[in-house]
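I opened this notebook to keep track of what I looked up, one topic at a time.

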Amino acid sequence: MADQTTKLTLYTYFRSSSAARLRIALNLKALPYISIPVNLLKGEQSSPTNCALNPSGTVPTLVVERPVSQGATVTITQSLAALEYLEEITPEQSHALLPPVSDPEARAVVRTLSEIIACDVQPVTNLKILKRVAPLGFDREAWSKELIEDGFRAYETIISRTAGVFSVGDGITMADVCLLPAVWGAQRSGVNLREFPTIRRVAERLEEEDAVKKAHWTTQSDTPEEFRVTMS
């Protein structure tokens with residue numbers, strides 16, 4: 001279990017949707033953490049220092065340090081695995097990212113929605129892939145827009161049946177934590193959210209949450225000054 005003796009460090013980048021998932025989740029669970037920026041545009045993700053922590057040469061990396069008596073330091077380099085881990089080490093009264101164990105069907109839906117974003121949308125629209133498709137003659141913005149729209153159509157179809165206030169019922173789940181950073185990326189890529197009314201409604205509601213405001217890409221320590229928004 002995470003307690004006051006546990007030290008959490010998140011290696012992050014202000015515009016990384018994968019890192020934003022963890023920032024939102026950590027805030028929802030009221031878990032303090034140290035944020036260490038890794039500048040993707042400068043290639044810091046490929047530095048020996050970062051690769052020693054994260055062999056994939058990416059962000060985020062979540063490092064969980066506990067007293068020796070409580071076990072070894074844990075380093076997690078995939079966002080979904082980190083979200084599941086946070087769910088497992090926090091007490092029941094912490095904000096739950098998954099529906100109760102007694103509702104395996106709802107848990108499966110949440111995981112399915114999370115993976116639509118994390119497996120179908122984000123990997124093929126991230127910086128590493130965009131750098132590779134540009135020399136092949138693909139328009140990077142058109143590439144991203146079309147692939148995001150494909151994923152959003154699948155997500156919208158499912159949550160048109162499962163949504164309450166949020167994607168699955170009335171509580172913020174791991175699905176929402178994955179969705180909102182993808183929406184931020186979609187907006188930058190010119191996706192018209194009016195084509196996805198349930199996604200749009202859920203995203204607008206999520207934006208009202210303090211945990212989201214603190215995790216927003218415009219409010220991070222490494223957000224460039226021209227993009228920075230100061231929280232009121």
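This is a predicted model: local features need pLDDT of at least 70, side-chain atom pairs count only at pLDDT 80 or more; totals for chains, interfaces and linings use all residues.

**Entry 1, the two domains.** I looked up how the chain is divided, and found domain 1 at residues 7-96 and domain 2 at 104-215. Their C-alpha centres lie 20 Å apart. I then turned to the area that domain 1 and domain 2 bury between them, which is about 1700 Å², with 65% of it on carbon and sulfur atoms. On the side of domain 1, R21, I24 and L80 supply 33% of the area buried against domain 2, more than any other three residues. In terms of contacts, 19 residues of domain 1 meet 19 residues of domain 2.

I counted four residue pairs in polar contact between domain 1 and domain 2, and one salt bridge. I found E84 in a salt bridge with R111, where the closest N and O atoms are 2.9 Å apart. Looking next at which elements of domain 1 give two or more residues to the side that touches domain 2, I found α1 (17-28) and α3 (79-89). Of the elements on that side, α1 gives the most, with nine residues. By class, the side of domain 1 that touches domain 2 has nine nonpolar, six polar and four charged residues.

The structure holds nine salt bridges, and I looked at some of them in turn.

- D150 and R153 meet in a salt bridge at 2.7 Å, N to O, and both lie in helix α6, three residues apart, about one turn of the helix.
- I noted D150 as partly exposed because its relative accessible area is 44%, which lies between the cut-offs of 20% and 50%.
- R153 is also partly exposed, at 41% relative accessibility.
- E204 and R200 meet at 3.3 Å, N to O; being four residues apart in helix α8 (residues 197-206), they are separated by about one helical turn.
- R228 and E225 meet at 3.8 Å, N to O; R228 is partly exposed at 30%, whereas E225 counts as exposed at 63%.
- Salt bridges that share partners join R205, E208 and E209 into one network.

K145 is found in helix α6 (residues 140-162), and is partly exposed at 29% relative accessibility.

Conventions: Residues are numbered from 1 along each chain as its sequence is written. Side-chain values use heavy atoms; hydrogens and water are left out. Domain bounds come from an automatic or database domain assignment. Contact means heavy atoms within 4.5 Å. Buried area is the accessible area (1.4 Å probe) that two parts lose on being put together, summed over both. A salt bridge is a side-chain nitrogen of Lys or Arg within 4 Å of a carboxyl oxygen of Asp or Glu. A polar contact is a pair of N or O atoms within 3.5 Å; within protein, one must be able to donate a hydrogen and the other to accept it, and residues adjacent in sequence count only if both atoms are side-chain atoms. Ala, Val, Leu, Ile, Met, Phe, Trp, Tyr, Cys and Pro count as nonpolar, Asp, Glu, Lys and Arg as charged, and the others, Gly among them, as polar. Buried means under 20% relative accessible area, exposed over 50%, partly exposed in between (1.4 Å probe, protein chains only).
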